[in-house]
Amino acid sequence: LDKAVAEGLIDKVDDKYHFSHDRIQETAYSMMDQLNRCNFHFKYGMALAPLADGKGDDGILLTAANQLNLAGPEAVQDKSQYVIVASLNLRAGKKAMEMSDFVAAYSYFDNGITFLRKKHWEEHYALSLE
C-alpha cells in the first residue's frame, strides 16, 4: 500500500486508506473478475451482518444487505448463510418501508426470497411466512 500512496493512487489519513479518486476505485473494481467481486461483496456483507443487530445505525443494516445482494446466492459458502442473508433482507425491507422507500423495500424482499432454498418453509416457516 505504501507504493500506491507514493504513486498518488491511494491516500492515507489517520491509518485509513482511501482511493484518491473515484475513477481509480472504479478501475480497480472493474479489473476484478466476477467471482472475486462476488466473494468480496459477500465477505464484506457477512462481516457487517453481526453489527446490524437492530440497536445501532440502520446504515450498517442496509449496507450489509446491499453487499450481500451484490454477491448473490451463488456466493453463499455455508447452508446456514442462506437464512442469515434472507433474514437480513427481511429486516432491511421492513426498515425501507418505515422510511417510505417502497421500491427499495421491494428489492430487499425480492432479494431475500432468492436466498431461500427449495422447501425452505419446512425448516424456517416463520421466516418464509413473513
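These are my notebook entries on a predicted model of one protein chain.

**Entry 1: the overall layout**

I began with the secondary structure. I found 8 helices and 2 strands in the protein chain. Reading from the N terminus, I wrote down the order α-β-β-α-α-α-α-α-α-α. Next I looked up burial. The protein chain has 130 residues, and 32% of them count as buried. Then I turned to contacts between residues at least 6 apart in sequence. Of these, 50% join residues at least 24 apart.

**Entry 2: helix 3 against helix 4**

I picked one helix pair to look at. Two packed helices are described by the angle between their axes and the distance between the axes. So I looked up both values. Helix 3 covers residues 34-48, and helix 4 covers residues 58-71. They pack at an angle of about 155 degrees, and their axes are 7 Å apart. Angles over 145 degrees count as roughly antiparallel, so helix 3 is roughly antiparallel to helix 4. I also noted the handedness: helix 3 passes helix 4 in a left-handed crossing.

Which residues make the contact? From helix 3 I listed Cys38, His41, Phe42, Tyr44, Gly45, Met46 and Leu48. From helix 4 I listed Ile60, Thr63, Ala64, Gln67, Leu68, Leu70 and Ala71. I then sorted the residues of this contact by type. I got 10 nonpolar, 4 polar and no charged.

**Entry 3: an aromatic pair**

I searched for paired aromatic rings. The structure holds 1 aromatic pair. Its members are Phe40 and Tyr44. Their ring centres are 6.3 Å apart, with 15 degrees between the planes. Planes under 30 degrees apart count as stacked, so this pair is stacked. Where do Phe40 and Tyr44 lie? Both are in helix 3, 4 residues apart, which is about one turn of the helix.

I checked how open each residue is. Phe40 has a relative accessible area of 46%, so I noted Phe40 as partly exposed. Tyr44 has 38% relative accessibility and also counts as partly exposed.

**Entry 4: Tyr108**

Last, I looked up another tyrosine. Tyr108 lies in helix 6, residues 102-114. Is Tyr108 buried or exposed? Its relative accessibility is 8%, so Tyr108 counts as buried.

I then listed what Tyr108 touches, leaving out residues up to four places away in sequence. The list reads Leu62, Ala65, Asn66, Asn69, Asn89, Ala92, Gly93 and Ala96. Tyr108 and Lys95 are 13 residues apart along the chain, and their C-alpha atoms are separated by 9.8 Å.

Notes:
Residues numbered from 1 in each chain as written. Predicted model: local features only at pLDDT ≥ 70, side-chain atom pairs only at ≥ 80, totals over all residues. Heavy atoms only, no water. Axes fitted to C-alpha atoms, helices over the stretch in contact; angles between N-to-C directions. Parallel < 35°, antiparallel > 145°, perpendicular 65-115°, else oblique. Left-handed = near helix turned anticlockwise from the far one by under 90°. Contact = heavy atoms within 4.5 Å. Nonpolar A, V, L, I, M, F, W, Y, C, P; charged D, E, K, R; others polar. Phe/Tyr/Trp six-rings, centres within 6.5 Å; stacked < 30°, edge-to-face > 60°. Buried < 20%, exposed > 50% of the residue type's maximum accessible area, 1.4 Å probe, protein only.
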